[in-house]
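Biologist: I have this one to read today. Can you take me through it by question and answer?

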Amino acid sequence: MTQTNVYSVKGDVAGKIDVPAAFETPYRPDLIKKAVLAAAANGRQPYGPGARSGMRHSVSTWGKGRGTARVQRIHDGSKATESPNNVSGRRAHPPVPEKNWSLKVNQKERVLARKSALAATGCAACVKARGHQFDDAVSFPIVVEDDVQDIKATSEVYDLFEKIGIAYDVDRAKDGTKIRAGRGKMRNRKYRTPVSILLVVTEKEAPIIKGAANLPGVQVETVNSINAAVLAPGGDAGRLTVYTKSAIAKIGEWTQ
């Protein structure tokens with residue numbers, strides 16, 4: 001069984017820990033992509049116009065012989081409506097709220113996808129191939145002591161990452177924050193920030209959850225909530241991930 005370093009709050013090596021067997025899972029990018037796409041599809045909200053949209057008029061057609069189109073017109077006027085090719089008309093083939101967007105994934109495939117995405121976070125080559133930046137001296141998977149969960153200040157969280165040698169990735173996410181192209185600028189998502197460090201803890205109310213919230217691209221999750229979509233955003237495995245010592249111990253208890 002391989003071992004990895006355990007970093008203290010000061011950023012130095014405080015000891016060694018055995019790496020759980022889950023980190024030896026074979027790399028399966030096909031299953032990871034399948035699980036991530038299914039999670040995104042299952043989170044979609046049904047949408048579509050109302051059943052009577054564009055059809056709420058008192059209309060009639062003038063018929064033939066008047067040199068005009070045979071479309072429905074307002075009863076007390078000449079304005080055309082209701083037809084898809086007219087202003088104020090209904091949509092021709094709109095999306096329907098009844099459509100089922102969900103996708104199914106076999107349980108064994110979903111479990112294997114999570115383990116495979118987890119194993120990719122412990123491979124320095126996979127993490128670097130995904131575009132993350134860190135010191136070559138960092139040992140993977142990256143494990144820190146449980147005292148890290150008590151850090152409250154954002155500056156202290158950044159200092160910890162800097163001492164470990166992974167703060168370069170936070171700077172990369174900060175420099176890569178751009179204004180989104182398209183209508184999203186009007187819909188409360190003006191800026192797009194690249195994905196950066198994932199911190200896996202065991203306590204739901206850990207102070208570091210708020211402390212890391214202001215760092216661009218940094219995400220904090222509990223060990224019970226991690227899945228393929230969190231470990232491999234967009235289906236691309238190898239996210240730069242930091243685990244607490246207790247989180248690694250809990251991963252070692254996974255039976256599936």
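Modeller: A term to start: helices (H or I, at least four residues) and strands (E, at least two) are DSSP runs, numbered from the N terminus. The model is predicted: local features need pLDDT of at least 70, side-chain atom pairs count only at pLDDT 80 or more, and totals for chains, interfaces and linings use all residues. Residues are numbered from 1 along each chain as its sequence is written, and side-chain values use heavy atoms, without hydrogens or water.

Biologist: Where is confidence lowest in the protein?

Modeller: pLDDT is the predictor's confidence in each residue, from 0 to 100. The protein's mean is 91, and 99% of its residues reach 70 or more. Strand β6 (residues 178-179) is highest, at a mean of 96, while the lowest, at 86, is β2.

Biologist: How does Gly15 count by relative accessibility?

Modeller: Gly15 sits in strand β2. Buried means under 20% relative accessible area, exposed over 50%, partly exposed in between (1.4 Å probe, protein chains only). Gly15 has 26%, so it counts as partly exposed.

Biologist: Which residues does Gly15 touch?

Modeller: Contact means heavy atoms within 4.5 Å. Leave out residues up to four places away in sequence, and Gly15 touches Thr4, Asn5 and Val6.

Biologist: By how much are neighbouring strands of the six-stranded sheet turned against each other?

Modeller: The sheet is open and mixed, in the order β2-β1-β5-β10-β8-β9; two strands pair if DSSP finds at least two bridges between them. Its edges, β2 (13-18) and β9 (219-222), each pair on one side only.

Biologist: Which residue in β9 stands opposite Leu198?

Modeller: β8 (residues 198-201) and β9 run parallel, joined by four bridges. Across from Leu198 stands Gln219.

Biologist: How wide an arc do the buried residues of α5 cover?

Modeller: In α5 (residues 167-175), the buried residues are Ala167, Asp169, Val170 and Ala173. They share one side of the helix, because their arc around the axis is only 155°.

Biologist: Which residues have the most contacts inside the largest nonpolar core?

Modeller: A nonpolar core is a set of buried Ala, Val, Leu, Ile, Met, Phe, Trp, Tyr and Cys residues joined through side-chain atoms within 4.5 Å. The largest has 28 residues. Elements supplying at least two each include α1 (29-42), α2 (107-121) and β8. Most contacts inside this core belong to Leu118, Tyr243 and Ile251.

Definitions and conventions. The arc is that of the directions from the helix axis to the C-beta atoms.
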